[in-house]
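Thanks for coming. I have one structure to go through this morning, so please look at it with me.

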Amino acid sequence: MNRRYAMVVLILCSMEMHAQDVTATAASPPPRFDAFEVATVKPVDTDLKAGRMFKMDGTHRWSATNFTLQALIALAYDLNPRTISDGPGWMDEQKFTIEAVTPGDVAPTRMEQMRMLRALLVERFNLQFHRQEKEFSIYELDVAKGGPKLKAATKPDDPPQIYGVVYSDKIEVPARSVTMDDFVAMLQRATLDRPTVNKTGLTGKYDFDLEWAQDTSQYGGQVATAPDDSQSPPLFTAVQEQLGLKLVATRGMVSAMVVDQAQKPSPN
């Protein structure tokens, strides 16, 4: 029997989980999710081998566990970690756990969560950066021969939901009301070892389920390789067979982040 691990950007060590959205009552004006109401940032023992995840706990509590600053930046800005450079040496070593309270009467969407996280990085870590076009080894997501095998979203007005579930022999990614940009953001932020670019030309919102047998090149090597007798195909095969898309290895220009300044947050 497979053992199931729950996760958020990220389940166990590096996947992602999406919080459920709570519908606001007609009488309540939509809240502004510009910043957390209150947040604590605590350093974590760097030798701790616990998994990394972020999540909404109910309507008002948001947490990110065992993240380095580099991983927090990648999460907040939908970046592949390879595209983040410079900054202090501890940026990809020291881990932190964040516990925060969100405003309003409804749970924020993932996009709103990331807006508040970006504000926290500036306020608590004094993050300053600039963007720069750089050439990297990348993957391009394109339409495979025969065309896409995607279903139009049944609820296109809903916020996008895309997350991963890790089993011992496979990874499952249910996606609902997502664009190809949403899919690519998840792939490059947590799954693949290279920046990923959307070249599909597809502009709709889609519902799909993706399943594959993981290997050590994915999730920063923090998820164990699926056994040889796994019934699921490798990721690149799964993307083509199940979605009618393809991942192509190439080189290309990507908007990278150069960190000009960052400081460890002061004690809460």
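This is a predicted model: local features need pLDDT of at least 70, side-chain atom pairs count only at pLDDT 80 or more; totals for chains, interfaces and linings use all residues.

Residues are numbered from 1 along each chain as its sequence is written, and side-chain values use heavy atoms, with hydrogens and water left out.

The chain has four helices and 13 strands, taken as DSSP runs (H or I of at least four residues for helices, E of at least two for strands) numbered from the N terminus. Of its 268 residues, 48% are buried, meaning under 20% relative accessible area with a 1.4 Å probe, protein chains only; over 50% is exposed, and in between is partly exposed.

Now the helix pair. Helix 1, residues 69–77, packs against helix 2, residues 110–125, at about 140 degrees, with the axes 8 Å apart. The axes are lines fitted to C-alpha atoms over the stretch in contact, and angles run from 0 to 180 degrees between N-to-C directions. That makes helix 1 oblique to helix 2; under 35 degrees would be roughly parallel, over 145 roughly antiparallel, and 65 to 115 roughly perpendicular. Among the contact residues are L72 and I73 of helix 1 and M114 and L117 of helix 2, where contact means heavy atoms within 4.5 Å.

Last, where is R194 found? R194 sits in the loop between helix 3 (180–191) and strand 11 (196–198). R194 is partly exposed, at 22% relative accessible area. Leaving aside neighbours within four places in sequence, R194 contacts residues including N80, R82 and Y139. R194 and P81 are 113 residues apart in sequence, yet 8.4 Å apart in space, C-alpha to C-alpha.
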